[in-house]
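Here is a walk through one protein model, from its charged contacts to its pocket. Keep the viewer open as you read.

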Amino acid sequence: RCFDAPLLAALLEVVLRIHRVASTAIATDVEAGVAPSAARAAHAMDGLAPAEVEATVDEVVEGLFASWSMGGDGDVDGGGGGDGGGGGGSGSAARYLGGVLWTVAMYTDGVAADYSYRFTNLNAPAASSLVAYLRNGHLAETAAAGTTTAASGAPSSLLPCVPSSSAAPLPAPLVCSALLPLGELRKLADPVLLAELEEGGSLAFLTAAERERAAAAAAAA
């Protein structure tokens with residue numbers, strides 16, 4: 001129910017390095033006047049040759065696992081960004097990784113462990129941010145709380161688990177209503193459910209934009 005944090009960090013680091021190989025080559029070509037689409041097509045497989053991938057994996061595993069076992073930084077990238085993600089700090093990374101587990105658990109168990117879970121950031125955290133979080137995030141909190149280390153050698157607070165809560169699922173009519181186009185919902189819903197579309201009702205968020213447009217039109221008139 002939790003990630004193997006060192007393994008996940010290593011996988012992310014490998015993907016990140018391969019991405020940077022291609023991105024650097026594409027940027028060089030674009031600066032030289034090559035069309036972006038042509039540059040992307042030309043370098044789509046950069047860094048993915050079997051020998052290159054094997055070398056990258058060996059380098060990452062050696063550096064990353066050494067850093068986890070010794071508590072140092074190791075020979076890995078782990079900065080806060082630079083690969084275009086931009087999801088935020090360690091709190092965002094923890095919530096995002098918890099959300100990945102939440103999704104996997106929902107499909108494997110057939111039921112959501114937390115009906116109130118939300119990931120509110122517009123973008124996922126950068127891969128480098130996730131690596132940095134998994135390796136270094138919350139170390140001070142872990143030390144202060146005296147949290148024991150997991151069998152992998154990583155502090156247990158660095159192993160996001162499936163979010164859970166006692167929040168109840170929404171009633172089926174409300175879920176169906178949220179999925180239907182508004183026009184169809186008005187045709188099919190009974191009066192009790194239609195009343196929930198009005199301001200203050202449980203489905204008022206579905207008609208919020210409609211009310212805002214009506215208010216703007218009235219003000220303009």
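In this predicted model, arginine 17 forms a salt bridge with glutamate 59, with 3.0 Å between the closest N and O atoms. Arginine 17 belongs to helix H1 and glutamate 59 to helix H3 (residues 50-70), so the pair ties together parts that are 42 residues apart in sequence. Arginine 17 also forms a salt bridge with glutamate 13, again with closest N and O atoms 3.0 Å apart. Here both residues lie in helix H1, four residues apart, about one turn of the helix.

How exposed are the members? Arginine 17 has a relative accessible area of 14%, under the 20% cut-off, so it is buried. Glutamate 13 is buried at 0%. Glutamate 59 is partly exposed at 40%.

The count of salt bridges comes to four. One of them joins glutamate 210 and arginine 186, at 2.7 Å from N to O. Glutamate 210 sits in helix H10 (residues 208-220) and arginine 186 in helix H8 (residues 182-188), so this pair ties together parts that are 24 residues apart in sequence. Glutamate 210 is partly exposed at 30%. Arginine 186 is partly exposed at 36%.

Now turn to the largest pocket. It holds about 180 Å³ of space. Its lining includes Tyr115, Ser116, Leu170 and Val175. Six lining residues are nonpolar, one is polar and none is charged.

Leucine 170 lies in the loop between helix H6 (139-145) and helix H7 (172-179). Leucine 170 is exposed, at 59% relative accessible area. With Val175 and Leu179, Leu170 makes a nonpolar surface patch of about 320 Å².

Note on methods
Residues are numbered from 1 along each chain as its sequence is written. This is a predicted model: local features need pLDDT of at least 70, side-chain atom pairs count only at pLDDT 80 or more; totals for chains, interfaces and linings use all residues. Side-chain values use heavy atoms; hydrogens and water are left out. On a 1 Å grid over the protein atoms alone, a cavity is a set of points where a 1.4 Å probe fits but cannot get out, and a pocket is an open set with protein on both sides within 12 Å along at least five of seven lines; lining residues have an atom within 4 Å of a point. Grid points are joined across faces, edges and corners, and a volume is the space filled by probe spheres set on the points. Ala, Val, Leu, Ile, Met, Phe, Trp, Tyr, Cys and Pro count as nonpolar, Asp, Glu, Lys and Arg as charged, and the others, Gly among them, as polar. Patches are made of residues with over 30% relative accessible area and no salt bridge: like charges are joined within 9 Å, nonpolar side chains (Val, Leu, Ile, Met, Phe, Trp, Tyr) within 5 Å. Accessible areas come from the Shrake-Rupley method with a 1.4 Å probe; for residues, only the protein chains shown count as cover. A salt bridge is a side-chain nitrogen of Lys or Arg within 4 Å of a carboxyl oxygen of Asp or Glu. Helices (H or I, at least four residues) and strands (E, at least two) are DSSP runs, numbered from the N terminus. Buried means under 20% relative accessible area, exposed over 50%, partly exposed in between (1.4 Å probe, protein chains only).
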